[in-house]
Amino acid sequence: MSSSVFTRPFIPGAAPSVTATAPASHLDLSFLRQIVYEQTQNVLDPSRDYLFETRLSKLLRSQGITGLADLVASLQMRRNPSMERAIAEAMTINETSFFRDIRPFELLRKELLPPLIEARRHARSLRIWSAACSTGQEAYSLAMLLLEHFPSVSTRNIVIEGTDISSEVVQRASFGTYHRIEMNRGLPARNIVRFFTHEGEDWTVKPEIRRLCNFREANLCASTLPFSEPFDIIFLRNVMLYFSQETRRRLLSNVHRLLAPQGALFLGSSEQPADPAIWTANLSGGTCYYRPRRLA
Ligand SMILES: C[S@@+](CC[C@H](N)C(=O)[O-])C[C@H]1O[C@@H](n2cnc3c(N)ncnc32)[C@H](O)[C@@H]1O
């Protein structure tokens with residue numbers, strides 16, 4: 001590598017990587033897009049380059065860096081893994097809400113969970129994974145659904161794992177504290193009363209919900225996923241849309257290995273499996289879920 005200039009792998013469908021000699025700010029932002037891609041496999045559209053300015057402003061201030069151009073110049077001079085990771089985290093989209101797109105939850109309640117719970121009665125725990133869980137609302141929604149509608153299930157037999165690449169959102173999920181505005185999105189009043197306590201405008205999940213959920217950092221695009229025991233239900237929603245087709249294919253083949261034979265995978269409403277040959281799509285209750293096909 002020459003003294004101050006290094007190149008990065010090519011993002012599928014993105015502008016070429018840049019060197020320190022590239023003059024235009026447009027190219028500088030493609031350098032930042034490369035960093036986000038390397039760290040998270042999220043492919044950012046150049047039409048959303050304006051987001052770097054706003055999303056990175058706090059990070060720049062905290063590091064005493066005057067602007068994006070200086071940030072790019074310093075990273076081109078010397079790699080800085082913790083800064084690169086912080087940039088990637090700041091650029092991920094963390095949008096989520098309780099019972100987001102209610103249909104998968106309704107389908108679980110009415111059709112999928114009763115036979116699964118029956119089958120698990122004398123066997124291992126019911127295992128659920130909220131992959132790319134963001135600030136935890138999806139995992140806690142699943143916990144509330146189970147406690148409210150399946151009270152006979154011993155809580156010792158329920159495991160809900162929440163994972164996300166961003167340390168900041170994983171920390172928030174672990175606290176389980178939400179502002180009034182987040183509570184007003186999708187959460188029935190009866191659930192608020194039963195499962196939360198509050199102080200001023202902040203509402204915190206009660207221990208009976210909290211203890212069903214584990215949260216940890218994990219990159220879905222790492223070569224291996226952080227679990228070896230199979231899951232009965234996997235929610236992998238609204239994250240694959242940021243990945244390239246190749247990344248989706250690799251991820252879903254890893255997820256396939258982690259889903260129990262009678263398990264169900266839920267994707268976001270605009271997402272589909274990259275390799276339909278290994279999944280059976282099931283339409284029910286206005287939503288779609290996928291069973292793993294047994295591979296020869
Ligand atoms: C739009 S949120 C979706 C949250 C939730 N699944 C839902 O549907 O409401 C996408 C989440 O994916 C996470 N994410 C992005 N790239 C990731 C990766 N490579 N590995 C794990 N999580 C990732 C982001 O940090 C963000 O919290």
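How many cavities of 30 Å³ or more does the count come to? The count comes to 1. Before I go on, please keep in mind that this is a predicted model.

Let me stay with the cavity for a moment. The largest cavity holds about 30 Å³ of space. Its lining is made up of L220, C221, A222, S223, R250, L251 and N254. Sorted by class, that lining has 4 nonpolar residues, 2 polar ones and 1 charged one.

Now to the ligand. Where does the ligand sit? It is found in the second largest pocket. Around the ligand there are 22 residues, and the closest are T96, R100, A132, D164 and N238. By class, this shell divides into 8 nonpolar, 9 polar and 5 charged residues.

Take D164: one of its polar side-chain atoms is 2.6 Å from a ligand oxygen atom. For R100, a polar side-chain atom lies 2.8 Å from an oxygen atom of the ligand. N238 also places a polar side-chain atom 2.8 Å from an oxygen atom of the ligand. How much of the ligand's accessible area does the protein cover? On its own the ligand has 600 Å² of accessible area, and the protein covers 99% of that.

To recap, the ligand is in the second largest pocket, with R100, D164 and N238 each placing a polar side-chain atom by a ligand oxygen. The cavity I opened with is lined by residues including L220 and N254. That is all from me.

Key: Residues are numbered from 1 along each chain as its sequence is written. This is a predicted model: local features need pLDDT of at least 70, side-chain atom pairs count only at pLDDT 80 or more; totals for chains, interfaces and linings use all residues. Side-chain values use heavy atoms; hydrogens and water are left out. A residue is near a molecule or strand if one of its heavy atoms lies within 4 Å of it. A polar contact is a pair of N or O atoms within 3.5 Å; within protein, one must be able to donate a hydrogen and the other to accept it, and residues adjacent in sequence count only if both atoms are side-chain atoms. Accessible areas come from the Shrake-Rupley method with a 1.4 Å probe; for residues, only the protein chains shown count as cover. On a 1 Å grid over the protein atoms alone, a cavity is a set of points where a 1.4 Å probe fits but cannot get out, and a pocket is an open set with protein on both sides within 12 Å along at least five of seven lines; lining residues have an atom within 4 Å of a point. A molecule sits in a cavity or pocket if more than half of its atoms lie within 2 Å of its grid points. Ala, Val, Leu, Ile, Met, Phe, Trp, Tyr, Cys and Pro count as nonpolar, Asp, Glu, Lys and Arg as charged, and the others, Gly among them, as polar. Grid points are joined across faces, edges and corners, and a volume is the space filled by probe spheres set on the points.
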